[in-house]
Amino acid sequence: SADRITNICCIGAGYVGGPTCAVIAAKCPEIRITVVDRDPARISAWNSDTLPVYEPGLDALVKRQRNINLVFSTDIDRAIDEAQLIFIAVNTPPMHHHTHVSSLGAKPDLSAVSDCARRIARVSLTDKIVVAKSTVPCGACATIAQMLRDNAQSGVRFSVLSNPEFLSEGTAVRDLLHPDRILIGGDDMVAQDRLKAVYMHWVPEPNILTMNMWSSELAKLASNAMLAQRVSSINSISAICEAVGANISEVAAGCGSDSRIGSKFLRPSLGFGGSCFHKDIASLIWLSESLGLPEVAEYWHQVLALNRFQIRRFVARILADASRGDGSSGLQGRRVACLGFAFKEGTGDTRNTPAADVCCELLRNGATLSVYDPKVSRHHIVDRLAAAAGTDCSVDSVTVCADAYSAIAGSDIVVVLTAWSEFRVIDWEQALKLMAKPAYVFDGQIVLDHDRLRQLGFNVFSIGHTHVTAQ
Ligand code: UDX
Ligand code: UDX
Ligand code: ADP
């Protein structure tokens, strides 16, 4: 019928827009999708052999659909004009941007979303469904609707929907193909049903939840906040484990096997990083404060505070165990091999990576660093460290290495900062020979075989495990 969606425009050819549209195009052959961006380099990259986003399975998907029913273009106005439904998938950075760990609530910067709304209103000559894909603060969809009404051509009607994206980096295509749920928030049931019909090409109907706008916007923020909260919860318990002699992996298994709790997202670590968790919690804190709910703001604030505490504890442990003890201060003269730098394994992304915070603390305490990450390039590591370091420490004493062994060679201390499985298969006997003695390993991600390392002669500390005093 004429009511079916046959032409979609997506504004924002980034991490969310690109993969989402590739999957819709693959699953809905009768829909034509145009992904547009104000950055021509982005669009050329999507049209080239080397896509601007790496995700397993994405390359094949894009190359199969491209120029069949998936088009990447810089002609934003034309794509808006031709579409019945428009996704807004532009970025929404926090307004008060903290280079590493944010501590206060922050209102997301909605300027890109507002630009899109004004442009859509100006260009549209027919009715449109406008869908917020970007994570926006609660209430933003109502603002978008108001902006569209205020700037609309006469007689043109807009229906605004909230349709948040839940994909994770490294599994974006799988997450899009098999979503746990799709949320469609709004008050126009006809528009909701049209978007629902798009997803029903591959998502079972019970997994598509329609709800009001506020519910959908809030469910997105709360989901990320709750996932982060689980990481902070298990990390808080890891501190107790170290003090009393419990083993955090055993505790996590003991808790996670309760079906009411569930086993996912209970991996102890140096804390959560990435582009979403800090930003969304900051947004939730800002919302709570602005609603006059300081207790709620404080509750979520603690999730961030615990995340920072985990890093401070880890660095304090390194200082306590591996300072020279010869009167020289801190880690002066110590070389630390930092294994991993990405915010999680399987990605080269360094946004809010706990590794940068650990590295900066080590630098402040006088250490010299050799950093290796299998997926993060040298200039990304240096740039991220320089940004996180601020003015009180210098990144001059940082070397970026091409493999783990060159990072380990000549070091006194190895720290594991990202849970890459390749660190497990390092030849640790060989590694020990390359290191100064006594050799220390501090495992911030619980990836190594600690008993074996101790047998080889390493002094080993791991997050969430009894602290064995170094000889
Ligand atoms: C609890 C644990 O579930 C059980 O494993 C443990 O051995 C003893 O403590 P119980 O105290 O019987 O059991 O009650 P439970 O059903 O867990 O509920 C605890 C409280 O949480 C109740 O007041 C309940 O109303 C409340 N609750 C529970 C909620 O408010 N919301 C929920 O979603 C679940
Ligand atoms: C997250 C959400 O999972 C996704 O639904 C949302 O759309 C975007 O934000 P992402 O940032 O890609 O995705 O990473 P995720 O895999 O969720 O991990 C976030 C951080 O938590 C990482 O630093 C990870 O190392 C850490 N983490 C995760 C833990 O420390 N322990 C865990 O058990 C799980
Ligand atoms: P996300 O992870 O939310 O997808 P990205 O930064 O990967 O964020 O992508 C967002 C994209 O949106 C970028 O390619 C950026 O150029 C584009 N963009 C931002 N603002 C606008 C705008 N007003 N009009 C068109 N494109 C925009």
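I began with the shell around ligand 3: helix 5 (residues 111-123) gives the largest share, three residues. Helices here are DSSP runs of H or I with at least four residues, strands are runs of E with at least two, and both are numbered from the N terminus. I noted that this is a predicted model: local features need pLDDT of at least 70, side-chain atom pairs count only at pLDDT 80 or more, and totals for chains, interfaces and linings use all residues. Residues are numbered from 1 along each chain as its sequence is written, while chains are lettered from A and ligands numbered from 1 in the order in which they are written.

**Ligand 3.** I found 18 residues around ligand 3, and Gly-12, Gly-14, Tyr-15, Val-16 and Ala-112 come nearest. Being near means that the C-beta atom, placed from the backbone, lies within 6 Å. I sorted the shell by class and got eight nonpolar, five polar and five charged residues. Here Ala, Val, Leu, Ile, Met, Phe, Trp, Tyr, Cys and Pro count as nonpolar, Asp, Glu, Lys and Arg as charged, and the others, Gly among them, as polar.

Next I traced an open sheet of six strands, with parallel pairing and the order 11-10-9-12-13-14. Strand 11 (398-400) and strand 14 (459-462) are the edges; each has a single partner strand, so one side of each lacks a neighbour in the sheet. The twist from one strand to the next averages 20°. Pairing takes at least two DSSP bridges between two strands. Strand 9 (residues 335-339) and strand 12 (residues 413-416) run parallel and have four bridges. Val-336 stands opposite Ile-413 of strand 12.

Helix 13 (residues 354-364) packs on the sheet and touches strand 9, strand 10 (368-372) and strand 12; its direction makes about 160° with that of strand 10. Contact means C-beta atoms, placed from the backbone, within 7 Å. Angles run from 0 to 180 degrees between N-to-C directions, with axes fitted to C-alpha atoms, for helices over the stretch in contact.

Most residues other than glycine have a negative phi, and most peptide bonds are trans. I checked for exceptions. The bond from Lys-437 to Pro-438 is cis, with omega near -5°. Pro-438 sits in the loop between helix 16 (428-434) and strand 13 (440-443).

Phe-265 has a positive phi, near 60°. Ile-446 also has a positive phi, near 50°. Ile-446 is buried, with 20. Buried means 20 or more, exposed 12 or fewer, and partly exposed in between, with C-beta atoms placed from the backbone.

Technical notes
Contact = placed C-beta atoms within 7 Å. Buried ≥ 20, exposed ≤ 12 C-beta atoms within 10 Å, placed from the backbone.
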